[in-house]
Amino acid sequence: MPAQWSAPVRYVECDQQGVVFNAHYLVWADETSNVWWASVGLPWDELVDRGIDPVVKASTLEWSSSARFGDTVTVDAEINAVGRTSATVRYTVRVGERTCCVVRNTYVCVADGRSTPWPDDVRARITAD
């Protein structure tokens, strides 16, 4: 089961028509990222303590419907791909069973200010099913 985060859509997240403004989907993916990292046994504070900084290198968003004021969004996160220094996590934003948007964030492992291969134990945790 993927990691999951959920919240009601707030008025401040919507335009005048009550539709969620596009930038908030990235905020929700970021909220869910903390849940996802913890779900694979790597809480964010542990990564930071180890000097590992997963930095977002790229984000893509694909919309299929709109979340609206009054909805509750649920975001499911799961690993999509793992490279030597990067990992892509897929965030599916939905209202009930209706998918609204898929966000894919590619993170690069950064240590001492430069990209570096994932440590073996981190790679094992992010690739485990």
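Is Asp 76 buried or exposed? At 13% relative accessibility, Asp 76 counts as buried, where buried denotes under 20% relative accessible area, exposed over 50%, and partly exposed the range in between (1.4 Å probe, protein chains only). The structure is a predicted model, in which local features need pLDDT of at least 70 and side-chain atom pairs count only at pLDDT 80 or more, whereas totals for chains, interfaces and linings use all residues. Residues are numbered from 1 along each chain as its sequence is written, and side-chain values use heavy atoms, with hydrogens and water left out.

When residues up to four places away in sequence are not counted, Ile 126 is in contact (heavy atoms within 4.5 Å) with Trp 36, Trp 37, Val 40, Leu 42, Ile 79, Val 82, Ala 87 and Trp 118. In soluble globular proteins, nonpolar side chains tend to be buried together.

A search of the whole structure finds six salt bridges, each defined by a side-chain nitrogen of Lys or Arg within 4 Å of a carboxyl oxygen of Asp or Glu. In one of them, Asp 76 pairs with Arg 94, with an N to O distance of 2.7 Å. This pair links distant parts of the chain, since Arg 94 belongs to strand E4 and Asp 76 to strand E3, 18 residues apart. Arg 94 is likewise classed as buried, at 16% relative accessibility.

A salt bridge also joins the side chains of Asp 71 and Arg 98 (3.8 Å, N to O). Asp 71 lies in the loop between strand E2 (53-63) and E3 while Arg 98 lies in strand E5, so the pair ties together parts that are 27 residues apart in sequence. Asp 71 is buried, with a relative accessible area of 17%, whereas Arg 98 is partly exposed at 35%. A further salt bridge connects Arg 125 with Glu 46, the closest N and O atoms being 3.9 Å apart. Here too the pair links distant parts of the chain, Arg 125 being in helix H3 and Glu 46 in helix H2 (residues 44-49), 79 residues apart. Arg 125 counts as partly exposed, at 34% relative accessibility, and Glu 46 is also partly exposed, with a relative accessible area of 29%.

Strand E1 presents a covered face formed by Ala 3, Trp 5 and Ala 7, and an uncovered one formed by Gln 4, Ser 6 and Pro 8. E1 and E3 run antiparallel and are joined by six bridges, two strands being paired if DSSP finds at least two bridges between them. Within this pairing, Ser 6 stands opposite Thr 74 in E3.

Asp 112, in the loop between E5 and strand E6 (114-115), has a phi near 55 degrees, a positive value in a residue other than glycine. Asp 112 is exposed, with a relative accessible area of 72%.

Terms used: Helix = DSSP H or I, 4+ residues; strand = E, 2+ residues; numbered from the N terminus.
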